[in-house]
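Trainee: Could you take me closely through the site around the ligand, and then through what surrounds that site in the protein?

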Amino acid sequence: MREKKYKNAYPILKINAAGIMAGNTLKARTIAILGSREVGKSSLIIQFVENHFVESYHPSVETTFRKVIRYKGHEVEAEIIDTAGQVEHSILSFTHVVGIHGYILVYSVTSKQSFEMVKIIRNKILNYSGRESVPIVLVGNKMDLHQQRQLTFEEGKNLASHWQCAWTEATAKRNDNISMFI
Ligand SMILES: Nc1nc2c(ncn2[C@@H]2O[C@H](COP(=O)(O)OP(=O)(O)OP(=O)(O)O)[C@@H](O)[C@H]2O)c(=O)[nH]1
């Protein structure tokens, strides 16, 4: 059963509802955030949209967050689809390919398995969309967990360079580097 995990998923849209409903032209960009379970996808979005960190773990059901941001002098409505964590045999749905302007692929620097999963997910997106490349930002989350690191800074950087995409490490817990990629 699908249900909303967070009751306050549309705070910015609500704040800006008057402008949107008055018909102001607001560009919308839809972004899907994908990665293995527990890498911190929801935590990153919640930090970005609601400015707080959720310590407890509740497996996500798909939720859409919205936030209006200023980009190059224009207001843009970012619609961010927080997907349920992927496992190898997850089937990518049409909603993760059609009408998506870009992808945030998240791994945890504490999990080699999650790093392998972003490669699988990217292949699935390319196969499914029939395109040779799609806009991707690769994010290595949980950079605060130094003792538990299984992946170096260079491994993330090299993969992004191979894919020719943007990349950063981040931490939802400390709220570092998140505004760089959303
Ligand atoms: N130390 C640390 N913990 C984090 C960080 N980001 C998320 N967590 C924790 O990791 C756990 C999983 O976070 P979620 O945001 O629920 O992960 P998710 O990728 O959305 O998980 P799924 O819903 O299964 O797809 C939670 O207990 C978070 O508190 C981080 O940057 N640092």
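Mentor: A polar side-chain atom of Lys41 lies 2.7 Å from an oxygen atom of the ligand, which is a polar contact in the sense of a pair of N or O atoms within 3.5 Å, where within protein one must also be able to donate a hydrogen and the other to accept it, and residues adjacent in sequence count only if both atoms are side-chain atoms. This is a predicted model, in which local features need pLDDT of at least 70 and side-chain atom pairs count only at pLDDT 80 or more, while totals for chains, interfaces and linings use all residues. Residues are numbered from 1 along each chain as its sequence is written, and side-chain values use heavy atoms, with hydrogens and water left out.

The shell around the ligand holds 24 residues, of which Lys41, Ser43, Val54, Tyr57 and Ser60 come nearest; a residue counts as near if one of its heavy atoms lies within 4 Å of the molecule. By class, the shell divides into eight nonpolar, nine polar and seven charged residues, where Asp, Glu, Lys and Arg count as charged, Ala, Val, Leu, Ile, Met, Phe, Trp, Tyr, Cys and Pro as nonpolar, and the others, Gly among them, as polar.

Helix α3 (residues 41–50) gives the most to this shell, with three residues; helices here are DSSP runs of H or I with at least four residues, strands are runs of E with at least two, and both are numbered from the N terminus. Ten of the ten residues of α3 are buried, that is, under 20% relative accessible area with a 1.4 Å probe and protein chains only, and among them are Lys41 and Ser43. Just after α3, Asn51 takes a positive phi of about 60°.

In strand β6 (residues 166–169) lies Glu169, which counts as buried because its relative accessibility is 3%, and the side chain of Glu169 makes a polar contact of 2.5 Å with the side chain of Arg149.

Notes: Buried means under 20% relative accessible area, exposed over 50%, partly exposed in between (1.4 Å probe, protein chains only).
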